[in-house]
Amino acid sequence: MNKRSLGALIALNIVLVVALALVSFLPQPAAAQAFGRAQYIMVAGSAVGRELESVIYIIELNTGRVAAIIFRGSDNTFEPIAGRNIMEDLNSGKR
């Protein structure tokens with residue numbers, strides 16, 4: 001191996017290390033909701049009188065729809081409870 005090929009290999013390794021560092025340390029944009037424009041919030045809470053069950057509220061911010069789901073810890077299952085449109089509820093209260 002001559003000096004020219006050794007220098008080329010060292011330069012290539014430096015370029016690869018810099019590229020790896022850039023890919024590893026630069027923040028990537030989140031793509032969890034890349035399809036569509038809906039935005040959601042999930043809020044968890046405890047269910048009154050139900051020690052082994054928790055309630056999860058899923059709220060769609062654009063339309064104001066809410067879904068309540070119970071999670072049973074005893075058998076690791078989900079049960080949808082109800083859904084509502086809180087924007088309609090708020091608007092009907094203003095009248």
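Okay, let's start at Met 87: setting aside neighbours within four places in sequence, Met 87 is in contact with Thr 63 and Gly 64, where contact means heavy atoms within 4.5 Å. Before going on, this is a predicted model, with local features needing pLDDT of at least 70, side-chain atom pairs counting only at pLDDT 80 or more, and totals for chains, interfaces and linings using all residues. Residues are numbered from 1 along each chain as its sequence is written, and side-chain values use heavy atoms, with hydrogens and water left out.

Back to Met 87. It sits in helix α2, residues 86–93; helices here are DSSP runs of H or I with at least four residues, strands are runs of E with at least two, and both are numbered from the N terminus. Between the C-alpha atoms of Met 87 and Asn 62 there are 9.7 Å, and the two are 25 residues apart along the chain.

Now, what does α2 lie across? The answer is β3 and β4, with the helix running at about 35° to β4. For angles, axes are lines fitted to C-alpha atoms, for helices over the stretch in contact, and the values run from 0 to 180 degrees between N-to-C directions.

So much for the helix; on to the sheet. Four strands make an open sheet, ordered β1-β2-β3-β4, with antiparallel pairing. β1 and β4 are the edge strands, each pairing on one side only. On average, neighbouring strands are turned by 20° against each other, direction ignored. Pairing requires that DSSP finds at least two bridges between two strands.

Going pair by pair, β2 (residues 50–60) and β3 are antiparallel and joined by seven bridges. One of the residues there is Ser 54, whose bridge partner in β3 is Phe 71. Then β3 (residues 65–72) and β4 (residues 77–85), also antiparallel, are joined by eight bridges. Arg 65 stands opposite Asn 85 in β4.

Last stop, the β3–β4 hairpin, which has four residues between its strands. As background, most residues other than glycine have a negative phi. Asn 76 counts as exposed because its relative accessibility is 58%.

Definitions and conventions
Buried < 20%, exposed > 50% of the residue type's maximum accessible area, 1.4 Å probe, protein only.
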